Amino acid sequence: MPLSPVMNLPAAFFPLWVQWSTLLAALGVLGWAASRIKWRALDHVALNAWLGACVLTMAMWMMKGGFKPGLWFHLSGAAILTLMMGHWLALLALAIVLAGVTAYGLGDWMSLGLNFWLMAVLPVTLVSVVLRLTQRLLPPNLFIYVFVCAFLAGGASLFATGLGGIVALGLAEAYPWEELMTEALPFYFLLSWSEAFTTGLIMAILIVYRPRWVATFDDSRYLDDNSDPGA
């Protein structure tokens with residue numbers, strides 16, 4: 001059985017119906033995501049940067065550490081891709097990254113669907129929800145964008161992915177629950193802080209020097225003077 005990256009679950013742990021159902025559902029989500037993107041309106045300059053981000057994310061996923069199949073650890077980068085590209089394009093980007101890592105021999109093709117739900121849909125959706133709630137409930141402040149949408153959401157996205165992988169392994173009876181909770185979960189909690197700092201730092205640099213690359217960042221919202229002129 002090939003060793004696989006963090007949360008990249010080996011297919012042998014799961015029955016065939018789980019492998020096929022999650023794969024078909026993942027293909028449905030990818031088709032829906034592709035239909036939601038306005039391809040002709042994409043910024044060509046930003047698109048090149050996004051493609052570079054995909055390559056860097058793939059390289060980051062290959063730099064891993066761990067001790068057992070399905071329990072390997074590396075940074076995710078899902079929050080960065082989501083904030084740079086938006087929800088739908090980030091799902092397609094992570095699908096490409098996951099397929100590339102699997103083709104490299106660090107995963108199983110039959111568990112690709114399950115891994116996509118854990119490593120793409122879950123973190124991307126979490127970051128997107130945090131972003132929308134922040135835009136709706138909090139003032140348009142640059143610090144709030146970096147700290148809440150990047151730092152906090154970035155760390156939470158990796159921890160949620162790790163927790164989802166632990167639950168999947170526990171339900172599949174791949175490892176005892178006690179072992180998963182005492183040995184694996186603390187690693188994901190610690191790694192989530194690295195994910196948070198990395199996401200916050202990179203997004204802060206991008207919105208200062210390359211705001212055009214960040215699809216979810218609006219200069220007019222976060223940088224214009226919104227103060228009351230009569231104050």
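Let's start at Thr22. Thr22 sits in helix H1, which covers residues 16-36. One caution before going on: this is a predicted model.

Is Thr22 buried or exposed? Thr22 is buried, because its relative accessible area is 14% and the cut-off for buried is under 20%. What does Thr22 touch beyond its neighbours within four places in sequence? Gly113, Leu114 and Trp117.

Now to helix H3, residues 78-85. How many residues of H3 are buried? Eight of the eight, so H3 is largely enclosed by the rest of the structure. Here is the list: Ala78, Ala79, Ile80, Leu81, Thr82, Leu83, Met84 and Met85. And what do these buried residues pack against? Helices H2, H4, H5, H6 and H7.

Next, the end of H3. Just after the helix comes Gly86, with a positive phi of about 95°. Helix H4 covers residues 87-106.

So how do H3 and H4 pack? Two packed helices are described by the angle between their axes and the distance between the axes. For H3 and H4, the angle is about 135° and the axes are 7 Å apart. The two helices are therefore oblique to each other. The crossing of H3 past H4 is right-handed.

Which residues make the contact? On the H3 side, Ala78, Leu81, Thr82 and Met85. On the H4 side, His87, Leu89, Ala90, Ala93 and Leu94. By class, this contact of H3 with H4 has seven nonpolar residues, two polar ones and no charged ones.

Last topic: the core. The largest nonpolar core has 62 residues. Which of them touch the most other members? Leu83, Met84, Met85, Leu91, Phe116, Tyr145 and Met203. Where do the core residues come from? H1, H2 (44-62), H3, H4, H5 (112-137), H6 (142-171) and H7 (177-209) each supply at least two. H4 gives the most, with eleven residues.

To recap. H3 has eight of its eight residues buried. H3 meets H4 at about 135°, in a right-handed crossing. And Met84 is among the residues that touch the most other members of the largest nonpolar core.

Terms used. Residues are numbered from 1 along each chain as its sequence is written. This is a predicted model: local features need pLDDT of at least 70, side-chain atom pairs count only at pLDDT 80 or more; totals for chains, interfaces and linings use all residues. Side-chain values use heavy atoms; hydrogens and water are left out. Helices (H or I, at least four residues) and strands (E, at least two) are DSSP runs, numbered from the N terminus. Buried means under 20% relative accessible area, exposed over 50%, partly exposed in between (1.4 Å probe, protein chains only). Contact means heavy atoms within 4.5 Å. Axes are lines fitted to C-alpha atoms, for helices over the stretch in contact, and angles run from 0 to 180 degrees between N-to-C directions. Angles under 35 degrees count as roughly parallel, over 145 as roughly antiparallel, 65 to 115 as roughly perpendicular and the rest as oblique. A crossing is left-handed if the near helix is turned anticlockwise from the far one by less than a right angle, and right-handed if clockwise. Ala, Val, Leu, Ile, Met, Phe, Trp, Tyr, Cys and Pro count as nonpolar, Asp, Glu, Lys and Arg as charged, and the others, Gly among them, as polar. A nonpolar core is a set of buried Ala, Val, Leu, Ile, Met, Phe, Trp, Tyr and Cys residues joined through side-chain atoms within 4.5 Å.
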